[in-house]
Amino acid sequence: MNKLTIIGSGNIGFSLAKGLVSTGYYRPEEIVLTRRSIAALEEERSLGFGTSSNNKEAIQGAEIIVLSVLPQQIKKVMEEISGSLSKGQLVVSVASGVSCQDVKAILGEDCTVVRAMPNTAIAIGQSMTCIATDNAPADAIAKVERIFESVGSVVVINEDLMTSATALCACGIAFFLRAIRAASQGGVEIGFHAHDALKMAVQTAKGAADLLLQTNNHPESEIDKVTSPKGCTIAGLNEMEHNGFSSAFIKGIKLSALKAGGLYNE
Ligand SMILES: NC(=O)C1=CN([C@@H]2O[C@H](COP(=O)(O)OP(=O)(O)OC[C@H]3O[C@@H](n4cnc5c(N)ncnc54)[C@H](O)[C@@H]3O)[C@@H](O)[C@H]2O)C=CC1
Ligand SMILES: O=C(O)[C@@H]1CCC=N1
């Protein structure tokens, strides 16, 4: 019997499966991944995962079913598997903008549903995952927490904050990646070859994040240590702020959150 069926082996579904195997939480044969076309699951098969293009069959015997298709695709998937779920199966949805109630409206009011919002760093065990539910029992939440803790950090939040979590953490990884790219582009302009500039920008970003993680300090208190009076750091920082750096980041996060909330009914 497989323990976990992931419906939708795309960016997040496949990354989740690989992350859970690389940390030893599951063995590949305990996970079944589905897509509409079995031919598209060749890589999954080569890694030892179970594969299927039949969602109804794939959920049979699964302890946990992860819905990892796009918000625009999830209604069709839920209608397909509705009626084939067994009592006691736990449904975890990672779809943005799809509430527990949206899921239960199709899968049944007695279905146990937990939402999870990971990010793509799940593939290397470094996800920031937010978890929420409307009324799943504590043991179901704890089970989902354990799974996602094996592939990163977890925060349990109120369901009404899930679209905010989507913007800050799931979309957020793209925002920080773009910031790293911008830094490396600046580095090229001031004299470094592209590969060196990128390596320097990446390690500097990692150092900044680790400083905060390990000290629990506020970013501004770490910034104060870098900004010598009349120095070059404050000159650069202020130039960025005059050009709207913080404002652009904040506005981007707000727009992402707004968009995330409307994806299901688009
Ligand atoms: N990509 C990301 O960083 C994150 C995505 N999410 C959410 O996760 C969900 C999946 O996103 P991605 O993995 O990026 O999308 P994706 O498009 O890469 O993956 C979706 C997968 O579902 C498959 N699929 C579509 N219809 C299917 C069906 N009827 N049966 C089986 N498989 C089917 C597609 O072939 C595809 O492989 C979305 O709802 C998204 O909002 C959540 C957190 C982060
Ligand atoms: O862009 C998106 O809609 C998905 C959801 C969160 C991250 N990627």
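Which residues are around ligand 2? Select S96, T166, A170 and C171, and you have them; a residue makes the list if its C-beta atom, placed from the backbone, lies within 6 Å of the ligand. That shell divides into 2 nonpolar, 2 polar and no charged residues (Ala, Val, Leu, Ile, Met, Phe, Trp, Tyr, Cys and Pro count as nonpolar, Asp, Glu, Lys and Arg as charged, and the others, Gly among them, as polar).

A word on what's on screen: this is a predicted model, with local features needing pLDDT of at least 70, side-chain atom pairs counting only at pLDDT 80 or more, and totals for chains, interfaces and linings using all residues. Residues are numbered from 1 along each chain as its sequence is written, while chains are lettered from A and ligands numbered from 1 in the order in which they are written.

Next, select residues 71–81 and 100–107, helices α4 and α5 (helices are DSSP runs of H or I, at least four residues, and strands are runs of E, at least two, numbered from the N terminus). Their axes, lines fitted to C-alpha atoms over the stretch in contact, come within 9 Å and cross at roughly 35°; angles run from 0 to 180 degrees between N-to-C directions. Now show side chains: K75, M78 and E79 of α4 meet V103, I106 and L107 of α5, with contact meaning C-beta atoms, placed from the backbone, within 7 Å. This set has 4 nonpolar, no polar and 2 charged residues.

Finally, zoom out to the whole protein: 12 helices and 8 strands, with C-alpha atoms filling a box of roughly 70 × 40 × 35 Å along the principal axes.

Notes:
Two residues are in contact if their C-beta atoms, placed from the backbone, lie within 7 Å.
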